[in-house]
Amino acid sequence: MSDKSARLIIGNKEIELPIHTPTAGPDVIDITKLYAQGDVFTYDPGFTSTAACDSTITFIDGAKGELLHRGYPIDQLAEKSHFLEVCYLLLYGELPSATELEDFEARVTNHTMVHEQMHNFFRGFRRDAHPMATLVGVVGAMSAFYHDSTDINDDWQREVAAIRLIAKLPTIAAMAYKYSVGQPFVYPRNDLDYAANFLHMCFSVPAENYEVDPILARAMDRIFTLHADHEQNASTSTVRLASSSGANPFACIAAGIACLWGPAHGGANQACLEMLKEIGTVDRIPEFIARAKDKDDNYRLMGFGHRVYKNFDPRATVMKQSADEVLELLGVEDNPLLQVAMELEKQALADPYFAEKKLFPNVDFYSGIILEAMGFPTSMFTPIFALARTVGWISQWKEQISDPNLKIGRPRQLYTGATRRDYTDIESR
Ligand code: CMC
């Protein structure tokens with residue numbers, strides 16, 4: 001508890017509100033007793049000025065363009081670490097020793113297969129279902145297949161649920177993809193690392209030998225690492241709100257996946273690539289920039305802007321390097337989409353509208369180009385984001401339910417509807 005406080009004067013009443021000082025970021029005024037003391041609510045749609053929880057996992061300095069997981073900068077993790085090590089860091093708070101990492105990797109690898117009956121469950125979806133629709137449904141259904149890890153009051157079950165989710169999401173996402181293209185499901189291979197195994201499950205077929213290219217596996221791993229967690233974004237807040245009622249972990253993560261799907265959030269990677277395709281050629285870029293700037297047109301440049309980053313998105317910088325590496329490997333440096341993307345970035349950054357509003361390319365701007373070059377259809381972009389973000393969601397979920405003072409999330413409202421009135425019979429209306 002801090003010794004600083006703020007004073008709020010409402011009419012002739014003065015209310016003292018404690019101020020908490022975080023280890024990084026702005027001070028936070030504690031308004032938890034405000035309603036009891038002042039009979040008022042605060043109003044902040046979109047949570048633009050509201051800290052909804054305290055957390056030790058991820059910190060973003062939007063002005064500096066910095067993202068830290070447990071204190072470690074994302075660019076260092078992307079360069080020197082790998083996804084499963086970052087998972088360990090997010091879940092347990094520290095980088096693992098060699099033995100701890102080996103043990104963690106063995107535990108995740110041991111859970112990569114899904115219950116065989118889930119194959120039948122998949123077959124209930126329409127063949128052309130969007131893989132995100134399948135993912136929301138199947139992850140929610142995990143609570144039906146894995147009852148023995150749904151008791152949130154049991155530490156061991158929480159741990160097993162976390163490992164199961166991290167281990168099985170690639171399998172389920174790959175199955176969603178295989179189902180949508182009419183190919184047989186591919187079982188995981190536990191001799192491959194996390195990212196290589198995902199590529200294997202997506203791209204191998206029984207009729208042919210498929211060798212995972214280590215450069216592509218590394219790029220895939222980097223995409224997972226860059227998406228692993230991102231503080232209290234919309235889907236993470238959804239997971240926390242769902243979890244505050246005591247819902248089981250699989251239900252909470254399904255809720256997070258549903259929220260992620262929207263084009264303002266994780267769905268932006270699909271929307272961004274579709275936008276680049278729609279623009280098509282560099283000469284059409286000014287037309288699209290003009291639309292994004294037009295107050296009477298609600299069109300936005302997908303992959304631009306961020307609620308928190310007002311300088312640049314550090315994930316986008318690393319993603320851009322990865323895009324260069326992958327396109328060079330695949331011999332598609334002349335990719336027309338990349339040319340449109342590079343020119344769009346250049347023109348938008350030089351435009352006063354984007355500069356004034358601090359709109360920079362975000363992580364979704366480059367990820368789609370890499371994923372498309374790897375052979376993924378656009379419909380798989382958001383499921384890939386979801387599988388990578390699962391560790392962030394589950395870490396935040398674990399942190400929240402370990403808090404002995406956890407309260408159900410229950411926002412209040414500024415009611416602007418009709419006041420009390422009497423029911424009128426239908427004949428009299
Ligand atoms: N293109 C054109 N104008 C934009 C854009 C854009 N992409 N983004 C924001 N603006 C304008 C917006 O019109 C508003 O202008 P004004 O002040 O004149 O009304 C101003 O910038 C502020 O926008 P906002 O909607 O109030 O900002 P926000 O913090 O609520 O929204 C955002 C953040 C990410 C939803 C938004 O920038 C956006 O819709 N971007 C495109 C979608 C996107 O790329 N999303 C991925 C985000 S990163 C990955 C993730 O989190 O999942």
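**Figure 1. Lys295 and the ligand in the predicted model.** An oxygen atom of the ligand lies 2.6 Å from an N or O atom in the side chain of Lys295. The model shown here and in the following views is predicted. A polar backbone atom of Leu301 is 2.7 Å from a nitrogen atom of the ligand. At Gly266, a polar backbone atom sits 3.4 Å from a ligand oxygen atom. The protein buries 75% of the 940 Å² that the ligand exposes when taken alone.

**Figure 2. The shell around the ligand.** The ligand is surrounded by 21 residues. The closest are His265, Lys295, Leu301, Arg307 and Lys357. Sorted by class, the shell holds 10 nonpolar residues, six polar residues and five charged residues. Lys295, one of the closest residues, places a side-chain N or O atom 2.6 Å from a ligand oxygen.

**Figure 3. An aromatic pair between helices α7 and α8.** The whole structure contains 23 aromatic pairs. One of them joins Tyr177 and Phe203: the ring centres are 6.1 Å apart and the planes meet at 70°, so the pair is edge-to-face. Tyr177 belongs to helix α7 (residues 155–181) and Phe203 to helix α8 (residues 194–203). The two residues are 26 apart in the chain, and the pair links distant parts of it. Tyr177 has a relative accessible area of 9%, which is under the 20% limit, so it counts as buried.

**Figure 4. An aromatic pair between helices α8 and α9.** Tyr194 and Phe224 form an edge-to-face pair. Their centres are 5.8 Å apart, with 85° between the planes. Tyr194 lies in helix α8 and Phe224 in helix α9 (residues 214–226), so the pair ties together parts separated by 30 residues in sequence. Both partners are buried: Tyr194 has 10% relative accessibility, and Phe224 has a relative accessible area of 0%.

**Figure 5. One aromatic cluster.** Phe83, Tyr177, Tyr194, Phe198, Phe203, Tyr210, Phe224 and Phe376 form a single aromatic cluster. Tyr177 and Phe203, seen above as an edge-to-face pair, are among its members.

Figure 6. Nine of the 10 residues of helix α3 (residues 83–92) are buried, so the helix is largely enclosed by the rest of the structure. After α3 comes Gly93, with a positive phi near 95°.

**Figure 7. Arginines over tyrosine rings.** Arg291 lies over the face of Tyr299, 4.2 Å from the ring centre. Arg412 lies over the face of Tyr35, with a distance of 5.4 Å to the ring centre.

Figure 8. Asp39 is not a glycine, yet its phi is positive, at about 55°. It occupies the loop between α1 (34–38) and β4 (58–61). Asp39 is exposed, with a relative accessible area of 56%. Arg70 also has a positive phi, near 50°, in a residue other than glycine. Its place is the loop between β5 (66–69) and β6 (72–73). Arg70 is partly exposed, at 22% relative accessible area.

**Figure 9. Thr171 in helix α7.** Thr171 is found in helix α7. It is buried, with a relative accessible area of 3%. Thr171 and Asn197 are 26 residues apart in sequence. Their C-alpha atoms are 8.8 Å apart in space.

**Figure 10. Gln339 in helix α15.** Gln339 is placed in helix α15 (residues 336–350). Its relative accessible area is 43%, and it counts as partly exposed. The C-alpha atoms of Gln339 and Ala254 are separated by 36 Å. Along the chain, these two residues are 85 residues apart.

How values were computed: Residues numbered from 1 in each chain as written. Predicted model: local features only at pLDDT ≥ 70, side-chain atom pairs only at ≥ 80, totals over all residues. Heavy atoms only, no water. Phe/Tyr/Trp six-rings, centres within 6.5 Å; stacked < 30°, edge-to-face > 60°. Helix = DSSP H or I, 4+ residues; strand = E, 2+ residues; numbered from the N terminus. Buried < 20%, exposed > 50% of the residue type's maximum accessible area, 1.4 Å probe, protein only. Lys NZ or Arg CZ within 6 Å of the ring centre and 35° of its normal. Near = heavy atom within 4 Å. Polar contact = N/O pair within 3.5 Å; in protein donor to acceptor, adjacent residues only side chain to side chain. Areas by Shrake-Rupley, 256 points an atom, 1.4 Å probe, with all protein chains shown as cover. Nonpolar A, V, L, I, M, F, W, Y, C, P; charged D, E, K, R; others polar.
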